[in-house]
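Good morning, colleagues. Please turn to the screen.

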Amino acid sequence: MMRLAARLRRDIVCQQAVELVSDYLEGALSRSARRRLEVHLAGCPHCGEYLAQMRKTIELTGSLTEADLTPQMQDEFIAIYRLWRAEPGP
Amino acid sequence: MVSPDPDNELVARLRAGDEQAFVALVRSHHDSMIKVASSLVPSSAVAEEVVQETWLAVLRGIGGFQERSSLRTWLFRILVNRARTAGEKERRSVAVADPGPAVDAARFDSSGSWASPPEQWLEDAEDRAQAGKIADRIRSAIDDLPGRQRQVVTLRDIEGMTSGEVRSVLDISEINQRVLLHRGRSRVRQVIENEFGRSR
């Protein structure tokens, strides 16, 4: 009984789990914290969904395509480049 | 962990006088540079100026650039230094830690379990048309993040830097980097949920 009570005290709840998700994905949790989070995730579909959404958010952010430079911006950068090329060498 | 820098080939070409290589290099970092600069200076016009100055400084220093270090780390360090000098904004608001939780406390019951669980949107993200809309929303959500979160999320998740690179560019501690990343990513996820989520 005592051991069960101690274990329950150490169990994490959903509200704590969502705060641990980033450190979990960063590999920054201690072994025991990671284990406790994984136990929670295994039994909680909502937090599992939350973790999947965080992973997807990171993936989608990583695949944002760069907006093209406007022709005017391109000209400005080419001007900077030509300015540099025209500078006397060191 | 140092991975081969995809910029190295472009650097070699721009040293050889290839204008298009320079434009390609600028294009591949421009959005992120504007995002980071804008978080440090008062106007987008100043941000554009800082980005241009940064590129000129990069060109001038490229002769001494060691290819074993990453170009983007060097590039963003110059950018952040110049933007900090140009903008008074950040110096006045030192290290504002965002105290907000990852998920609004009202969505949990008194025991800390979900009362209003995450709404579903993962399937939408697989749909090509919806994915484009989600991507647009992510872009604007990042622009709306508080300055320091915007810097960290842009560098980590758009530019793909490691946490070590980000710490060196922004000169912040590992813990600070993680907290800012956590707040920023959580907020972006929440924005997607607000817009595209539906309960099942």
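I shall begin with the domains and then move to a pair of helices.

Please bear in mind that this is a predicted model.

Chain B is divided into domain 1, covering 8–92, and domain 2, covering 105–196. Taken over C-alpha atoms, the centres of these two domains of chain B are separated by 24 Å. To their contact, domain 1 of chain B gives twelve residues and domain 2 of chain B gives 14 residues.

Which helices supply the side of domain 1 of chain B that touches domain 2 of chain B? H2 and helix H4 (71–86) of chain B each supply at least two residues. The largest share comes from H4(B), with five residues. By class, this side of domain 1 of chain B has four nonpolar, four polar and four charged residues.

Let us now turn to the helix pair. Two packed helices are described by the angle between their axes and the distance between the axes. In chain B, the axes of helix H2 (residues 19–38) and helix H8 (residues 147–158) come within 8 Å and cross at roughly 165 degrees. Angles over 145 degrees count as roughly antiparallel, and H2(B) and H8(B) are therefore roughly antiparallel to each other. Their crossing is left-handed.

Which residues make this contact? From H2(B) they are B:Ser32, B:Lys35 and B:Val36. From H8(B) they are B:Arg150, B:Gln151, B:Thr154, B:Leu155 and B:Ile158. The residues of the contact of H2(B) with H8(B) comprise three nonpolar, three polar and two charged.

Thank you for your attention.

Note on methods. Residues are numbered from 1 along each chain as its sequence is written. Chains are lettered from A and ligands numbered from 1 in the order in which they are written. This is a predicted model: local features need pLDDT of at least 70, side-chain atom pairs count only at pLDDT 80 or more; totals for chains, interfaces and linings use all residues. Axes are lines fitted to C-alpha atoms, for helices over the stretch in contact, and angles run from 0 to 180 degrees between N-to-C directions. Helices (H or I, at least four residues) and strands (E, at least two) are DSSP runs, numbered from the N terminus. Angles under 35 degrees count as roughly parallel, over 145 as roughly antiparallel, 65 to 115 as roughly perpendicular and the rest as oblique. A crossing is left-handed if the near helix is turned anticlockwise from the far one by less than a right angle, and right-handed if clockwise. Two residues are in contact if their C-beta atoms, placed from the backbone, lie within 7 Å. Ala, Val, Leu, Ile, Met, Phe, Trp, Tyr, Cys and Pro count as nonpolar, Asp, Glu, Lys and Arg as charged, and the others, Gly among them, as polar. Domain bounds come from an automatic or database domain assignment.
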